[in-house]
Each structure stands twice: as C-alpha cells, then as structure tokens.
Amino acid sequence: MESNIIPDSIRPQRLQPGIGFGSGPTGTLRSSSLRPGVTVPVAPLLPSPASLSASSGPPPPPPPLQLHSLYGGVAAGLGPGAGGHCNPGNPAVLKEAVEAVVRSFAKHTQGYGRVNVVEALQEFWQMKLTRGADLRNGALVVYEMVPSNSPPYVCYVSLPGGSCFGSFQFCPTKAEARRSAAKIALMNSVFNEHPSRRITDDFIEKSVNEALASFNGNREEADNPNTGIGAFRFMLESNKGKSMLEFQELMTVFQLLHWNGSLKAMRERQCSRQEVLAHYSHRALDDDMRTQMAADWVNREQSVAGTIAQELASTERELEDARLAGRELRFYKEKKDILMLAVGQLSAANAATLPSH
C-alpha cells in the first residue's frame with residue numbers, strides 16, 4: 001500500500017502597489033498606485049457568503065492544505081482537496097499518516113531503514129530544482145526556532161516556494177522540533193506532486209460549481225470576471241497546471257491584502273477587480289509590502305490603543321491551532337510577523353518623540 005504513495009514523477013531513477021485615478025471610471029493602473037497600505041479600519045479575515053458578489057476582492061480561497069485531510073483524500077483517491085473542509089483529526093492519526101509517508105519516501109529514495117527527514121526534505125527540493133522546477137530563490141529549506149528555554153520547543157520550516165509548516169507534536173528538544181517540522185513539510189511536498197493536486201480544467205469546473213452552490217450564485221456570475229466567483233475562476237484559470245501548494249502561496253497574498261483592509265481601500269480608489277488580480281498575481285510577498293501593512297497597524301494602534309495587542313493575541317491562537325493540526329501556516333505566520341513589525345515601528349516612533357536629556 002505504501003509503495004503507491006509516492007508519485008512516479010518524483011521517484012529518483014535510483015504595482016509598487018496602488019491605483020491612481022485615470023480618465024476612466026475604474027481608474028488606471030500606474031506604477032505609483034495599487035498600494036497595500038491603507039488608513040481605513042481593518043476588514044474581516046474573509047468575506048462572508050452574503051458579501052461575495054459585492055466583495056472588493058476574490059472570494060475565500062480553498063482551505064489551506066491540511067495534512068490530516070491530504071492523507072485520507074489523496075491516498076483514498078477522493079480527489080483534490082477532498083478533505084479540505086474536515087476538522088482536525090486525532091493527533092495520533094496525523095502522526096501515523098506522516099510516518100507512513102516518510103517511510104514510503106525513504107524506501108523509494110534511500111532503501112529501507114531510518115531516514116534523516118531534515119536531509120530528505122532538502123534533497124527532495126534539490127531534486128525538484130535539478131529537474132527543472134521554477135524555484136526563483138533556489139532550493140534552500142529554511143528553519144526557524146521559536147525562542148524558548150524549556151520544552152515544548154516549536155520549529156517552523158519554510159519551503160522554497162514560500163509554504164510554511166511547523167512542528168505538530170510535543171517536542172522535548174530543539175532537534176526533535178526540527179525533525180517534526182521537516183516530517184510534515186516532507187509529507188506535504190510529496191503529496192503535492194500527486195496528479196490529483198494539480199489545477200486542471202476538471203478541478204476548476206468542480207471548484208466553481210461548489211462556489212456557486214455555496215453562495216447561491218448563477219452561471220452568469222461564474223463567467224463574469226467582475227463578480228467574486230468570476231474573479232475566483234479567473235484566478236484558477238490563470239494558475240492552470242500549478243499545484244495546490246503553488247496556488248495556496250499565491251492566495252496567501254490576497255488573504256493578507258483582505259485581512260489588512262487593502263482590497264477594500266483599492267476599491268475605494270476605484271480600482272477594478274481585474275486590475276488588482278492581474279497586478280498581485282505576479283507580485284511576490286516582500287519586505288516592502290509587509291512594511292506598508294505594518295504601518296497601517298501602527299495607524300490603527302494610534303487611533304485605538306490596544307488594537308495590535310488584540311489582533312496579535314487572536315493571530316497567535318490561530319497559528320497555534322493550525323500548527324497542531326498540521327496545516328499550511330504561511331498566512332498565519334505572515335500576519336504575526338507583520339504585527340510584530342508594527343510593534344517595532346511603534347516603539348521606534350515613540351522613542352523618537354521622547355525628549356532628549
């Protein structure tokens with residue numbers, strides 16, 4: 001049974017963002033426009049079903065990849081994202097699923113015996129790079145330990161494309177936390193190569209139909225790029241052939257723009273949805289975007305004291321729950337990093353206003 005887990009394709013053969021106002025009613029995309037920075041109140045995390053059609057951005061993306069779901073969905077042949085709506089499973093089941101994939105990967109790449117998952121994860125991505133994968137920043141896998149002087153230790157691992165995973169077990173040592181993060185990242189990496197994890201015409205049709213059913217939409221909406229569901233279809237079709245992880249990495253940018261209130265602000269600047277989608281579909285999340293979003297939270301904190309602390313506490317709970325459930329974490333991790341950056345900006349601003357002695 002395990003021998004079928006590894007797809008043949010990966011078995012070794014042994015807008016400075018911002019919209020300016022143009023002459024047209026929807027504005028014209030300019031190099032000085034489409035900025036993620038806003039000064040309006042923060043929007044909810046994701047649009048409600050009732051506001052989908054009128055939303056300033058695309059509808060909610062497919063649920064983040066969940067390891068407990070992937071194991072049942074892909075292995076059982078239930079199709080892409082089959083378990084995406086499930087609640088977190090039993091931690092013991094998740095651990096068993098991860099171990100099964102690691103053993104299977106080890107058998108096909110290094111023979112039987114104990115596998116060093118940290119090395120295996122790096123070798124996996126190095127193998128993808130040598131086989132022509134489009135990895136803009138190379139194949140380096142990056143680990144980040146959460147500072148702590150006592151267990152449990154927590155470690156995050158970022159994959160070359162930007163996806164992030166974390167240790168999902170109680171880890172008594174830093175080394176064990178690193179191995180735990182590597183295991184779950186390796187499992188996601190392996191399953192991501194499965195043909196059922198690719199965006200195909202069939203997947204797009206099923207996803208759009210599910211969106212229509214969920215939000216009581218009609219077929220005309222799906223064919224109109226100015227509606228929420230139409231924009232969702234546009235995003236999927238623009239990423240045809242990509243994997244679920246690659247699509248999730250792209251959608252993280254739009255999730256953050258929505259969370260930060262940027263999509264709403266762009267709409268108020270008379271940006272069309274198509275302009276926003278076209279611009280950010282090719283824009284990687286970078287330090288400039290994070291800095292601008294952090295500045296927005298500084299403005300909110302200066303208007304209502306305690307705003308950042310409240311949002312940070314909520315984000316940390318989300319991150320912890322997602323990590324223990326074995327989910328992809330970049331959205332939650334980026335939110336926390338942006339908020340911590342805002343704390344730093346606020347401290348620097350306060351220090352600059354203190355009288356010198």
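Is Phe 124 buried or exposed? At 0% relative accessibility, Phe 124 counts as buried. Buried means under 20% relative accessible area, exposed means over 50%, and partly exposed lies in between (1.4 Å probe, protein chains only). The model is predicted, with local features needing pLDDT of at least 70 and side-chain atom pairs counting only at pLDDT 80 or more, while totals for chains, interfaces and linings use all residues. Residues are numbered from 1 along each chain as its sequence is written, and side-chain values use heavy atoms, with hydrogens and water left out.

Four aromatic pairs occur in the structure. Rings of Phe, Tyr and Trp (its six-membered ring) pair if their centres lie within 6.5 Å; planes under 30 degrees apart count as stacked, over 60 as edge-to-face and the rest as tilted. One of the pairs joins Phe 124 and Trp 125. Their ring centres are 5.7 Å apart and the planes stand at 75°, so this pair is edge-to-face. Trp 125 is buried, at 6% relative accessibility. Phe 331 and Tyr 332 form a tilted pair, with 5.6 Å from centre to centre and 55° between the planes. Phe 331 is buried at a relative accessible area of 5%. Tyr 332 is buried too, at 12%.

Three strands form an open sheet in the order 3-4-5, with antiparallel pairing. Strands (E, at least two residues) and helices (H or I, at least four) are DSSP runs, numbered from the N terminus. Two strands pair if DSSP finds at least two bridges between them. Strand 3 (142-145) and strand 5 (164-166) stand at the edges. Each has a single partner strand, so one side of each lacks a neighbour in the sheet. Direction ignored, neighbouring strands of this sheet are turned by 20° against each other on average. Strand 4 (residues 155-158) is joined to strand 5 by three bridges. Val 157 stands opposite Phe 165 in strand 5.

Helix 11 (residues 287-303) and helix 12 (residues 307-324) have axes that come within 8 Å and cross at roughly 125°. Axes are lines fitted to C-alpha atoms, for helices over the stretch in contact, and angles run from 0 to 180 degrees between N-to-C directions. The two helices are therefore oblique to each other. Angles under 35 degrees count as roughly parallel, over 145 as roughly antiparallel, 65 to 115 as roughly perpendicular and the rest as oblique. Helix 11 makes the contact (heavy atoms within 4.5 Å) through Trp 297, Val 298, Arg 300 and Glu 301. Helix 12 contributes Thr 307, Ile 308, Ala 309 and Glu 311.
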